[in-house]
Amino acid sequence: MELITLNIKGISYSQTQTGAYALLLSEEDGKRQLPIVIGAFEAQSIAIALEKELKPPRPLTHDLFKTFADRFQLKVTKVIIHKLIDGIFYSSLICENNDKEEIIDARTSDAIALALRFNAPIFTYPNILDKAGIELQKSTMKEKQTEDEQIEDVDYFEEESSENELSHLSQNQLNELLNKAVKEENYEKAAKLRDEISKRS
């Protein structure tokens, strides 16, 4: 199956989940983006790897793995986000050791932190992007809601963001909130909205 290359676009702090961050990946030759909720430690590790000049005083866990792998001639050649179940992304590290390829299961956040340290490309499959990708588009449909109603819906989502509360919103309301979340770079909120939209399709 065809693989789609993903690039890291940014990391944002979760406004609704303490200690969580949203990692945003974007497809290389397209407009879709893939938000993934990750923990604080993994977010820090990815951020440090993105800032090439920033070196922690002691090696982080992913730095230690890189040193260990280099010592034993193990190289991560690519990362593939290959599965999405109940909002959880599953990834694999494709590794080489003495011309032998090995596939290692990994959490997506760890896989991306390692991909950065090995300069390995990140891929996913079209069906993952079809299901979980989001795209900021200008609305081409005339909305029936007034501007005041739209603002009320946004405030409503800020206060009540559980899956049960989202289920009461219309498809148009969800799409509007999704566009707003992406525009404001609130990718963790966008991921929740995307999951609710996906359930209905």
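**View 1. Strand S3 is mostly covered, with five of its seven residues buried.** Buried means under 20% relative accessible area, exposed over 50%, and partly exposed in between (1.4 Å probe, protein chains only). Strands (E, at least two residues) and helices (H or I, at least four) are DSSP runs, numbered from the N terminus. This is a predicted model, in which local features need pLDDT of at least 70 and side-chain atom pairs count only at pLDDT 80 or more, while totals for chains, interfaces and linings use all residues. Residues are numbered from 1 along each chain as its sequence is written, and side-chain values use heavy atoms, with hydrogens and water left out.

**View 2. S2 and S3 run antiparallel and are joined by seven bridges.** Two strands pair if DSSP finds at least two bridges between them. Ala-20 has Gly-39 of S3 as its bridge partner. A hairpin of five residues leads from S2 to S3.

**View 3. The largest nonpolar core holds 31 residues.** Such a core is a set of buried Ala, Val, Leu, Ile, Met, Phe, Trp, Tyr and Cys residues joined through side-chain atoms within 4.5 Å. Leu-25, Leu-34, Ile-81, Phe-89 and Leu-93 touch the most other members. Among the elements that each supply at least two residues are S3 (33–39) and helix H3 (108–118). H3 gives the most, with seven residues.

**View 4. Helix H3 is mostly covered, with eleven of its eleven residues buried.** Its buried residues include Asp-110, Arg-117 and Phe-118. After H3 comes Asn-119, whose phi is positive, near 55 degrees.
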